Amino acid sequence: MFRIALFVCPQTLCSSLGLAMDSFHLANRLAGERHFEVLRISSDGAPVELPFGRVEVEGGLDLAAHCDLLLIPATGADIDSTVKANQALLSWLRRAPAGVQLGSLCSSAFLLAEAGVLDGRRATTHWALEAAFRARYPQVRLDIDALCTDDNGRLCSGGAQAGLDLCLYLIERHAGAALARRAAATL
């Protein structure tokens with residue numbers, strides 16, 4: 001079973017979090033078995049208040065070390081405040097265990113890049129953030145036209161709904177093309 005830790009912080013966009021959770025839960029339901037275990041985590045293991053409600057989590061960042069992938073849903077376009085508010089995540093990303101893949105949906109590529117884990121790697125983010133990303137992280141090989149990228153375990157998606165493309169890519173990779181096609185058709 002592929003274990004995914006979804007990082008939730010006050011800047012998390014509910015639509016991005018829901019898209020990721022729905023994709024993997026749907027894949028499990030369609031398959032009739034659990035290919036994916038999805039855990040919500042926060043920096044300290046405490047529930048997170050979002051504009052649409054409180055999100056309960058299964059644990060803190062320490063739980064991500066026991067997962068196959070730490071995936072950060074989109075966090076919006078206020079990059080400076082998001083980076084400032086998520087220093088614990090940045091610290092964890094810099095020392096992430098070698099076996100844990102790291103991924104982002106949409107604007108959260110900025111968090112991966114800020115931690116330095118995208119240096120020299122191909123990545124993508126929301127097209128409207130291209131200039132800011134290139135100026136801030138010239139060491140990252142930004143492919144703004146890609147819907148999703150995978151550079152040796154560093155995964156990124158483009159615009160907010162391109163997160164679905166990354167989720168379907170992961171479903172195909174870890175549970176097969178047939179299931180990914182069924183999930184895509186259902187979604």
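Hi everyone, let's begin with helix H7, residues 163-175, which lies across E1, E2, E5, E6, E9 and strand E10 (154-157). Helix H7 runs at about 140 degrees to E10. Please keep in mind that what you see here is a predicted model.

So what are those strands part of? They belong to an open sheet of 6 strands, in the order E2-E1-E5-E6-E10-E9, and the pairing is mixed. Which strands sit at the edges of this sheet? They are E2 and strand E9 (148-150), and each of these pairs on one side only. On average, neighbouring strands here are turned by 15 degrees against each other, direction ignored.

Let's zoom in on one pair. As a bit of background, strands of a sheet pair through backbone hydrogen bonds, either parallel or antiparallel. Strand E1, residues 2-7, pairs with E2 in the parallel sense, over 6 bridges. If you want a spot to look at, find Ala5, which stands opposite Leu39 in E2.

Helix H4, residues 87-94, lies across E1, strand E5 (69-72) and strand E6 (101-104). The angle between helix H4 and E5 is about 145 degrees.

The axes of helix H1 (residues 14-31) and helix H8 (residues 177-186) come within 10 Å and cross at roughly 115 degrees. This crossing of H1 and H8 is right-handed. Which residues make the contact? From H1 we have Leu26, Ala27, Leu30 and Ala31, and from H8 we have Leu179, Arg182, Ala183 and Thr186.

On to charges. Side chains of opposite charge can pair when their charged atoms come close. How many salt bridges does a search of the whole structure find? The search finds 10, and I'd like to show you some of them.

One is between Glu58 and Arg40, at 3.3 Å from N to O. Glu58 lies in the loop between strand E4 (53-55) and helix H2 (61-64), while Arg40 is in strand E2 (residues 36-41), so this pair ties together parts that are 18 residues apart in sequence. Glu58 itself is partly exposed, with a relative accessible area of 41%.

Another joins Glu114 and Arg136, at 3.4 Å from N to O. This pair links distant parts of the chain, with Glu114 in helix H5 (residues 109-114) and Arg136 in helix H6 (residues 130-136), 22 residues apart. Glu114 is partly exposed at 26% relative accessible area, and Arg136 is partly exposed at 32%.

Then there is Arg54, which forms a salt bridge with Glu49, their closest N and O atoms being 3.3 Å apart. Arg54 is exposed, at 52% relative accessible area, whereas Glu49 counts as partly exposed, at 49%.

Finally, two residues in loops. Cys106 has a phi near 55 degrees, a positive value in a residue other than glycine. You'll find Cys106 in the loop between E6 and H5. Is Cys106 buried or exposed? At 6% relative accessibility, Cys106 counts as buried.

Asn152, in the loop between E9 and E10, also has a positive phi, near 50 degrees. Asn152 is exposed, with a relative accessible area of 65%.

Definitions and conventions. Residues are numbered from 1 along each chain as its sequence is written. This is a predicted model: local features need pLDDT of at least 70, side-chain atom pairs count only at pLDDT 80 or more; totals for chains, interfaces and linings use all residues. Side-chain values use heavy atoms; hydrogens and water are left out. A salt bridge is a side-chain nitrogen of Lys or Arg within 4 Å of a carboxyl oxygen of Asp or Glu. Helices (H or I, at least four residues) and strands (E, at least two) are DSSP runs, numbered from the N terminus. Buried means under 20% relative accessible area, exposed over 50%, partly exposed in between (1.4 Å probe, protein chains only). Axes are lines fitted to C-alpha atoms, for helices over the stretch in contact, and angles run from 0 to 180 degrees between N-to-C directions. A crossing is left-handed if the near helix is turned anticlockwise from the far one by less than a right angle, and right-handed if clockwise. Contact means heavy atoms within 4.5 Å. Two strands pair if DSSP finds at least two bridges between them.
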